[in-house]
Amino acid sequence: MTGHHHIDSVKTYVFVFLALIFATVATTAVAFVDLGRFSVVVALAIAVCKMLLVALFFMHVRHSTALTKLVLIGALLWLAILILVTLSDFASRGWIGTLGR
Amino acid sequence: MITAAAQEREHYLNASYGLKSWLLTKDHKRIGLLYLMTVTLFFFLGGAFATLIRIELLTPQGDLVSSDTYNKLFTMHGVAMVFFFLIPSIPATLGNFFLPMMIGARDLAFPRINLLSWYLLVIGGLFSLAAMLAGGVDTGWTFYTPLSTSYSNTWVILTALGIFIAGFSSILTGLNFIVTVHRMRAPGMTWFRLPLFVWANYATSLIQVLGTPVLAVTIVLLFCERVFHIGIFDPKLGGDPVLFQHMFWFYSHPAVYIMILPAMGVISELVSTFSRKPVFGYGFVAFSSVAIAVLGFLVWGHHLFVSTQSVYAGMVFSFLSYFVAIPSAIKVFNWTATLYKGSISFATPMLYAFGFIGLFTIGGLTGLFVACLGFDVHVHDTYFVVAHFHYIMVGGTIMAYLGGIHYWWPKMTGRMYPEGWAKLSALVIFLGFNLTFFPQFILGYVGMPRRYHVYPEEFQVLHVLSTAGASVLAVGYLMPMVYLIWSLRYGAVAGANPWGASGLEWQVSSPPPKHNFEETPVVTTDAYDYSKVMGEVIEVG
Amino acid sequence: MADHAHVETLALREQFDTAAQQKDASTLGMWIFLITEIMFFGGMFMVYTVYRSAYPDVFAIASSTLNVYIGAANTVVLLCSSLTMVLAVRAAQLGQKKAIVTFIVLTLILGFVFLGVKAYEWNEKFQEHHIPGLSFHLEEVAPGLQGQAQLFFSLYFAMTGLHALHMVIGAGIMFVLIRHAMQGRYNAEYYTPVDVGGLYWHFVDIIWIFLFPLLYLIDRHLKG
């Protein structure tokens with residue numbers, strides 16, 4: 001089964017491109033604002049949005065098969081496991097003392 | 001003797017001749033055989049190191065080799081066996097050969113990438129072999145930092161480079177299998193009609209593509225640390241050596257499932273054929289393969305219980321490690337249930353299957369022992385762990401591998417192996433294996449550390465038993481080398497389906513035609529449907 | 001049923017039954033390759049996360065020595081190249097041979113611009129003694145924290161270096177695509193290599209989309 005025979009217009013691609021440029025300018029500008037611990041959250045959120053734009057439109061995931069979407073989601077999930085579970089070790093050191101003492 | 005008619009028939013072995021036709025082949029069956037030869041060489045290399053280890057351990061003193069040399073022996077034994085034998089073995093030999101045939105395809109999705117995979121294994125193997133010849137590595141196959149990055153003055157980088165390259169071989173094989181199973185199934189071959197060997201290799205491939213890249217980047221960082229001293233694993237510069245362990249085991253724990261899942265796939269085929277019954281609970285067995293692949297990624301911290309990993313994380317990893325045992329147990333129950341009221345024949349492949357079920361169960365149960373955080377604190381880095389993983393890798397994987405080799409030998413070569421000798425070597429292997437490794441459970445429990453060659457006198461009896469077992473095991477492994485090669489010329493000519501097995505691979509001639517099927521098959525039945533099988537069943541047992 | 005009797009062409013190799021099957025398989029194959037790349041880069045992102053959360057202040061200071069405007073401009077360059085790449089794929093879908101070549105050439109040029117700017121940045125780091133090694137020294141942090149600062153730069157060079165390596169490979173792929181496009185290999189029925197080449201290029205762009213904020217924008221408000 002084929003995924004896509006849908007040919008997007010140049011206009012669509014240019015709009016996505018402009019959105020990406022805007023997001024780049026935004027993330028750079030926001031970096032100079034003191035958001036405390038939320039700086040990194042905002043930066044990552046903008047980066048994720050840019051990634052989604054590139055993936056959905058430039059990489060045609062929008063028109064892709066369910067399998068392609070599943071593959072992509074699976075990869076991101078596995079990356080999350082790698083990062084979050086490893087971090088959980090470093091974050092939880094000292095929560096429970098040495099057993100038996 | 002070969003009949004004139006069989007001599008004239010064209011198949012994948014005589015379709016073309018010459019070295020180039022093999023070294024530049026795109027035929028998945030030939031590539032499977034190329035892999036078979038390569039991994040066999042590495043198996044005997046790893047076995048040679050094991051021999052030296054076991055000889056050294058005959059006496060409590062370190063009298064055969066120095067401590068440094070001993071460190072190199074167990075390191076190179078591990079590297080050769082894990083990365084160049086166990087990981088590629090079943091998927092790249094039997095998987096390459098039979099996965100396309102089992103789904104009714106002419107070849108894998110990417111035949112040239114398949115050939116590249118083999119070359120990558122060979123090149124990686126040559127790098128690691130060069131390191132061994134140049135003086136070896138002494139860090140253990142686990143390459144823990146800071147020994148591997150700051151202190152060892154052995155050929156760490158050369159060995160790691162070989163493993164890095166071989167990793168890409170594994171990744172590309174996994175990629176090839178996944179695309180093939182998704183896109184190349186014959187008409188009517190739905191997912192739930194696939195042989196369980198295909199499910200097993202598919203699940204294995206998921207692990208290969210998701211896990212191996214992390215090993216690759218870990219090796220890159222190891223290289224940077226060792227050469228450029230960037231500080232990533234060096235406490236003096238703010239780094240954490242345990243971070244290496246996290247990254248290493250994120251791959252290496254799922255890697256053990258790369259090593260066992262294909263073996264389980266073989267066992268499903270063997271148990272079904274030699275009980276002449278469909279595998280009980282097909283759906284459960286299929287899903288359990290995927291469950292093992294997924295859950296296997298969530299437990300790696302059980303290798304870090306005593307590494308300064310947080311106790312909280314240790315408890316979570318311990319809890320999850322119990323979960324991953326469940327799908328494995330489901331398989332064992334289902335194979336057993338398959339036997340019930342089956343028409344069982346005791347041909348050699350079935351003997352290996354029985355051996356697997358018993359030995360894997362012991363290995364798996366002892367896995368639960370070490371998954372227990374409190375118990376592992378006592379047996380970590382002892383021979384208990386060594387025995388545990390050898391029961392699974394050798395008692396499990398290698399038994400299944402040999403069972404599969406024997407089962408599919410007539411199909412691959414068109415010849416039968418000598419059944420008497422095969423049964424005898426299966427028995428020798430089983431006895432030799434248990435004599436080698438059961439004493440090691442006891443040794444570990446009473447405190448014998450792993451990776452030591454000097455030990456207290458009171459442990460000697462158990463070590464001597466283990467070494468005696470190893471010599472029996474060695475004989476057992478050498479026997480098939482002899483009679484299988486002998487059978488290529490003198491073995492009885494095999495028909496298309498000597499076992500009366502189901503499966504598309506048994507419907508074509510032995511050896512198969514170059515393009516597998518004259519016409520793409522159309523599948524209308526579930527897997528393991530014996531009512532349709534018209535094979536000539538050999539009386540065995 | 002289809003069998004192996006068909007003549008092998010680029011669009012229909014002998015192991016496949018239909019051209020659509022081959023295209024689907026090739027695309028799926030590239031996606032799976034990309035997820036291996038996600039896990040490969042992901043390992044480095046994980047190391048970055050661990051050390052940034054351990055040494056947030058030193059990392060912020062170190063990050064501020066990078067030129068954020070050059071970094072942002074380079075990000076824009078790469079985004080432009082993604083636009084030209086997807087337009088190349090579109091041209092292929094429409095069978096416009098000259099447009100395919102033009103857009104891939106533009107993509108390649110922009111890629112070289114990116115690499116050139118990176119080379120300039122790295123040279124700057126070299127001048128300032130910010131390259132990890134014996135002569136590393138970050139003036140803005142105390143002597144006892146030099147190791148932590150070096151960690152930031154190790155990650156900077158490792159991650160941007162790995163990214164640059166993938167750009168170079170991407171450039172190689174573009175060269176091959178240009179050559180084959182000029183030979184007229186691609187048309188509306190068969191343009192898979194352009195398609196999967198594009199997927200690879202966009203993926204490398206996405207990596208940079210994350211590298212830029214994580215390396216250049218750590219608590220910029222502190223320095224201003």
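Helix α5 of chain C, residues 146-182, has 37 residues and reaches 53 Å from its first C-alpha to its last. That is close to the 54 Å expected at 1.5 Å a residue, where the expected span is 1.5 Å times one less than the number of residues. Helices here are DSSP runs of H or I with at least four residues, strands are runs of E with at least two, and both are numbered from the N terminus. Just after α5(C), C:G184 takes a positive phi of about 80°.

The model is predicted: local features need pLDDT of at least 70 and side-chain atom pairs count only at pLDDT 80 or more, while totals for chains, interfaces and linings use all residues. Residues are numbered from 1 along each chain as its sequence is written, and chains are lettered from A and ligands numbered from 1 in the order in which they are written.

Another helix of chain C, α4 (residues 97-127), holds C:L108. C:L108 is buried, because 22 other C-beta atoms lie within 10 Å. Burial requires 20 or more other C-beta atoms within 10 Å of the residue's own, 12 or fewer make a residue exposed, and counts in between make it partly exposed, with C-beta atoms placed from the backbone. Leaving aside neighbours within four places in sequence, C:L108 is in contact with C:A171 and C:M174; contact means that the C-beta atoms, placed from the backbone, lie within 7 Å. C:L108 and C:M44 are 64 residues apart in sequence and 26 Å apart in space, C-alpha to C-alpha.

Chain C also meets chain B. The contact takes 36 residues from chain B and 31 residues from chain C. On the chain B side, α8 (156-183), α9 (196-228) and α10 (241-273) each supply at least two residues, and the largest share, ten residues, comes from α9(B). By class, this side of chain B has 23 nonpolar, seven polar and six charged residues. The classes are nonpolar for Ala, Val, Leu, Ile, Met, Phe, Trp, Tyr, Cys and Pro, charged for Asp, Glu, Lys and Arg, and polar for the others, Gly among them.

The largest nonpolar core has 266 residues, of which B:I267, C:V47 and C:A88 touch the most other members. Such a core is a set of buried Ala, Val, Leu, Ile, Met, Phe, Trp, Tyr and Cys residues joined through C-beta atoms within 7 Å. The largest share of this core, 20 residues, comes from α10(B). Not counting residues up to four places away in sequence, C:V47 touches B:L221, B:I232, B:L243 and C:L155.

Chain B itself has 17 helices and zero strands. Its radius of gyration is 23 Å, close to the 24 Å that the globule rule gives for 541 residues, so chain B is as compact as a globular protein of that length. The radius is taken over C-alpha atoms, and the rule is 2.2 Å times the number of residues to the power 0.38. The C-alpha trace of chain B spans about 70 × 45 × 45 Å along its principal axes, and 57% of the 541 residues count as buried. Of the contacts in chain B with a separation of 6 or more, 85% are between residues 24 or more positions apart.

Most residues other than glycine have a negative phi, and most peptide bonds are trans. The peptide bond from B:T145 to B:P146 is cis, with omega near -5°, and B:P146 lies in the loop between α6 (111-134) and α7 (147-151) of chain B. The bond from B:S510 to B:P511 is also cis, with omega near -10°; B:P511 is in the segment after α17 (460-490). B:K341, in the loop between α12 (311-339) and α13 (348-371), has a positive phi of about 60° although it is not a glycine. B:K341 counts as exposed because it has 9 C-beta neighbours inside 10 Å. B:Y528, in the segment after α17 of chain B, has a positive phi near 60°. B:Y528 is buried, with 24 other C-beta atoms within 10 Å.

Chain A has three helices and zero strands. A compact globule of 101 residues would have a radius of gyration near 13 Å, but chain A has 20 Å. Its C-alpha trace spans about 65 × 45 × 10 Å along the principal axes, and buried residues make up 31% of chain A. The contact between chain A and chain B takes twelve residues from chain A and 13 residues from chain B.

Key
Two residues are in contact if their C-beta atoms, placed from the backbone, lie within 7 Å.
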